[in-house]
Amino acid sequence: MSVLVTGAAGFIGMHVAMRLLADGHHVLGLDNLNDYYDPALKQARLRELAASPGARQGRWQFETADIAQAGAVLELMDRHGPIERVVHLAAQAGVRYSLTHPHAYAAANLTGFVQVLEACRQTGVAHLVYASSSSVYGGNRKMPFAETDPVDHPVSLYAATKKANELMAHTYSHLFGLPTTGLRFFTVYGPWGRPDMAPILFARAILAGEPIRVFNHGDMKRDFTYIDDIVEGVVRCLARAPEPDPSRALQPPDASRSTAPWRIFNIGNSEPVPLLEFIGTLERALGRTAVRDLQPMQPGDVPATFADTRALTDWIGFCPQTPLAEGVERFARWYRTWQSQAY
């Protein structure tokens, strides 16, 4: 296939592009290389992609572009087309950043997503897979989170934009027959991760002997999901486009499916881990003890996440399964190597 991956210089985008190249596909990467975090890490990821066997075989191309710019995605797809499928991972990420930079989320996550949807519609893309987030569950207290649960009470602007993406995708699926699949990612971690997320923040501080900030005094649980499992789920979903299902009109309302070619899936490890347990696992992998600075809960955060992945398993025959200790050990090995090199 010929696949466009937006956000290709990002954490998940790099790994998805690398896997698609390894599977023999032609991949066009797009990223605006913004400075939300150090662009040097994004450039390092791109160097890894450029050095891959698929790139050396001429199956990798990369373009710097802003998805929020009118017509930019369509122009790129026309120039490099035909593009058969799209994996949309470009977004303004982060919950806390949305408290102080709301316009960045409106531009990237709302305007940018409209540009992607329009480009897919106008070029006849066979399937759009896009990143949603576990944050859409907001203040829900029912565990585990299921796709059939209501998600009407987001607690951050980031979460609200991701819920909006699901609604926007449904509209295009309904009106234009564009097959779309939204994936609600649960706390993704692993090599080449984002430096604003806990694994790198904690690892950097632990190795430097500095305190790590532990929010809600450590009374938090997260459904940590290893990057390789996320990639496997994305690739399998990409290969199976949803089809219209008129019979859904006869069923009780279901927030995860529709009469349109549209689906929503959780993708998480289905094993919530207490934050203090995660820190202990990271300490053992790094061979150092953390200095804990206990902090109150931050605005926009939730105390726990827990993915019900039965629908995903039924759909693609797979759900994440990497044990935390194994995933953290792989992350720690990568981090020590990355930290010692000047990117």
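Predicted model: local features only at pLDDT ≥ 70, side-chain atom pairs only at ≥ 80, totals over all residues.
1. Who are the neighbours of strand 4? On the strand 1 side (residues 2-6), the two strands run parallel and are joined by four bridges. Leu-4 has Val-86 as its bridge partner in strand 4. Strand 4 also pairs with strand 5 (residues 127-133), again in the parallel sense and over four bridges. Here Val-86 has Leu-128 as its bridge partner in strand 5.

2. To follow the chain from strand 4 to strand 5, go by way of helix 5 (residues 102-123): strand 4, helix 5 and strand 5 make a right-handed β-α-β unit.

3. Next, helix 1 (residues 11-22), which is where you'll find His-15. Is His-15 buried or exposed? With a relative accessible area of 15%, His-15 falls under the 20% cut-off, so it counts as buried. Leaving aside residues up to four places away in sequence, His-15 touches Pro-191, Trp-192, Ile-227 and Val-231.

4. Helix 1 also packs with helix 2 (residues 39-50), at an angle of about 5 degrees and with the axes 10 Å apart. Angles under 35 degrees count as roughly parallel, and therefore these two helices are roughly parallel to each other. If you want to display the contact, pick Phe-11, Met-14, Ala-17, Met-18 and Leu-21 in helix 1, which meet Arg-45, Glu-48 and Leu-49 in helix 2.

5. Now helix 9 (residues 275-286), with a quick check on its length. Its twelve residues, at 1.5 Å a residue, should span 16 Å, and the end C-alpha atoms are 17 Å apart, which agrees.

6. Why call helix 9 largely enclosed by the rest of the structure? Because nine of its twelve residues are buried. These are Leu-275, Phe-278, Ile-279, Gly-280, Thr-281, Leu-282, Glu-283, Ala-285 and Leu-286. The elements that the buried residues pack against include helix 7 (198-208) and helix 11 (324-339), along with strand 8 (211-214), strand 9 (221-222), strand 12 (273-274) and strand 13 (291-294).

Notes. Residues numbered from 1 in each chain as written. Heavy atoms only, no water. Expected span 1.5 Å × (residues − 1). Buried < 20%, exposed > 50% of the residue type's maximum accessible area, 1.4 Å probe, protein only. Contact = heavy atoms within 4.5 Å. Pairing = 2+ DSSP bridges. Right-handed = clockwise from strand over helix to strand, strands pointing away. Axes fitted to C-alpha atoms, helices over the stretch in contact; angles between N-to-C directions. Parallel < 35°, antiparallel > 145°, perpendicular 65-115°, else oblique.
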